[in-house]
Structure formats: structure tokens, C-alpha cells
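Visitor: I have a model open and would like to go through its architecture. Could you take me through it?

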Amino acid sequence: MKLYVYCLAEKLGGLPSIHAAPVLGISGAQVDLLKVEDFALLVSEFDGDSAPSVTRDNALAHAAVVASVLNETTPLPFRFGTVVAEDQLRSYVTARREALKAKLDQVRGCVEMSVKIISGSDQADVPQLNETDEQGPGARFLNEKRRQILGSERRSEEAKQVAAWLKEQVGTYVQQEEVSLSQTEKLMVAAAHLVAREQVAKYRDQLTMARKMRPELHFLVSGPWPPYTFSNIELEFKTRFGVS
Amino acid sequence: MELSPNKPPTAEPEIDTSHVEEFVEQLSCVTNSLPPRINIDAQSVEEGLAKLVLTLIEFIRRLLEKQAVRRMEGGDLSPEQIEELGLALMKLEAKLQELKEQFGLADEDLNLDLGPVGRLI
């Protein structure tokens, strides 16, 4: 029997519950508390060796278990689909004790906020380059490629400027950030911010004000979430054991 | 597990936007290009290998396009050379499109997540 692992936290008072009902895990499994060293891990017994399929219900169940402890403490979430043997998990936690403590120190008292920004304007105009009606299909093809490449470079530059502006606006409330730029043609910036719990309201207010300054940008702000972006625990697990 | 009376509860997650459809569309593109978990069986290995090889070809093809555009902008190509280069790249794009269809891959499938470095394309 293997274990499905949801998250790791500092000592928990007990099993998580929502409105006094126990939180159910993947496929409706019971969630157990496994204590290893100074840590508490939320796990479920899991039949089979491979990861559970990525379905909406399973993803929501994983998220619900991790979120259920967020009121008490800030956990380090494991990546969805982490299935391991108990002794393997104990060995990992014991060997990585100091690193895990350091990670918990980083996220303690914080939550993750997410900001995604889409450019509201259409693709930037790119100046034409000696285009004539007499051009053959090859030259027209290259001119079209030139337009695409220059448009992409402009969007990338614009995304950098928007990311810098966002940092300027909410940087005071952000302890750590992970920003990715130009993920798709329109999605310019996807930022994850680690924010102290007591600063979340101020962070939101500041963001509301900032949004009014840039009506040409479309925002999606969400959170608070467990610090998925700042845990990176799955990567370490894979590096050490070659499994996930 | 009871919440400590001295500790304020964390607010419920909220999603705040005036442009829901736009974000759903964009985030679907990102989600679709995330690498799926790899199951080692003959079929998935073959598909994964095809995806990896085509991603690398696509990456090189884009580099070639950029280089061609730079040379065209630099003015060191005659109109005949531009036409010839354009036609060659057009054929390369068409061939890659054909291979993608053969392996059932979409444009957004041809990418690699390089972790902290970002995405390949």
C-alpha cells in the first residue's frame, strides 16, 4: 500500500475538517496525519503505483485537503499526483529536514496571491518593409514572419514593463514573487506573490487602486491560496528519488 | 483541528476579474501546453518521442525564420534570394504541419518547460 501525499506542515493540532466534517481526499479517501520528525504530513492510503488520473474531482480534492489547513498554518503543498511508499516518504523528510524547515520558514504566516494580466489592446502595429504587389509568395511569407516576430518582441518588451510596474505598485506587500511573461499571445504577465496574511487586505486595496491606473490592461486577481508556487517540493522529491 | 481563537481565519479564496471569458481562453492555452505526466508504455513513449523531436525541429525552424528576417532587414539579400529563402521556409513550415497532423499534435503541444529557465518556445 502506498501513500498519496498532499502537503507537509509544521505540527498540526489534528486532522483538518470543514464545518466539523472531515475533509476527504483523492477518490473520497480518508485523510490521515503522518508525523515525521517535527513535521505533519497529510496523506491518504492509495492503491496502485501510478499517480491518480488528472480529473477535475481529483484536482479539487487535492486542493481542498491542502487548503483545509491554511487557516491553522501555511503548508508546503506537494505536487498533484505524488504517490510514494511510507518508508520512502519518511526517509525523504528525515534527510531533507533542514531544507524543509527553511522552506517552511520562508512561507510561514504567508499565503499566495495570483495576478494575471492580459493586454486589452490589439496586436501592435509593425512598420512595413518595402512590400510591393510584385512580391512572390516567398517574400510575402517572410514579410508576414517579420510582422509576427516583431509583434512578439514588442509584446515581450511590453510585458517586461508591465511586470516592473506591477512590482512597483504592490512590492511593499510582497515577500517573494515568481513572474512569468508572455505565456500566450495575450496573457502578458502571470505573477505569484507571497504575501503575509495580515497584509492581504492592504495588498488587495493597493491592487484595486493600481488597476484603475491602467484601464487598458485586464486583470485577474485570485487568492489567498496555499503557496504552491513557492514550495517546489515536488522538484526536490524527484531529484532525490527519481519518482513523483 | 480547531482554529485558534487568537488567529484570524484566512479569507476564502476569491477570483476577481471583469474579463472572465478572455482569461478562460488564455489560461486554457497555457494549461493545454503543460507537459502531461509520463507513463512508460510503448504507445506513450512513441508519442512523447515524436513530440520531443518535433519540438526541437520547430525550435530550429523558428531560429531559421528569425535569422532570415534579420538578413532581410539588414538589406544584404537580393529580392531573388529573399524569394528563395521565403519559399524554402514556407515548405519547411508546411512539412512540419504535416508531421504534426500525422502525430495528432497541435501547435501548443510543441513546447518544453525548462523549469526556472522558462519555456523553450
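Visitor: Which strands does helix 5 of chain A lie across?

Guide: This is a predicted model. In it, helix 5 (residues 200-213) of chain A lies across strand 8, strand 10 and strand 11 of chain A. The helix runs at about 10° to strand 8 of chain A.

Visitor: And in what order do the strands of the open sheet come?

Guide: The order is 9(A)-10(A)-8(A)-11(A)-1(B), and these 5 strands pair in the antiparallel sense.

Visitor: Which are the edge strands?

Guide: Strand 9 (174-181) of chain A and strand 1 (14-17) of chain B are the edge strands, each pairing on one side only. Neighbouring strands of this sheet are turned by 15° against each other on average, direction ignored.

Visitor: What about helix 4 of chain A: which strands does it touch?

Guide: Helix 4 (residues 137-170) of chain A packs on the sheet and touches strand 8 (110-119), strand 9, strand 10 and strand 11 (217-225) of chain A. Its direction makes about 20° with that of strand 10 of chain A.

Visitor: Over how many bridges do strand 9 and strand 10 of chain A pair?

Guide: They pair over 7 bridges, in the antiparallel sense. Within strand 10 of chain A, A192(A) is the residue opposite E178(A).

Visitor: Changing topic: how many residues lie between strand 4 and strand 5 of chain A in their hairpin?

Guide: There are 2 residues between them, and E37(A) in the turn has a positive phi of about 55°. Strand 4 (residues 32-36) and strand 5 (residues 39-46) of chain A are antiparallel, paired over 5 bridges.

Visitor: Which residue stands opposite V36(A)?

Guide: That is F39(A), in strand 5 of chain A.

Technical notes: Residues numbered from 1 in each chain as written. Chains lettered and ligands numbered in written order. Predicted model: local features only at pLDDT ≥ 70, side-chain atom pairs only at ≥ 80, totals over all residues. Pairing = 2+ DSSP bridges. Helix = DSSP H or I, 4+ residues; strand = E, 2+ residues; numbered from the N terminus. Axes fitted to C-alpha atoms, helices over the stretch in contact; angles between N-to-C directions. Contact = placed C-beta atoms within 7 Å.
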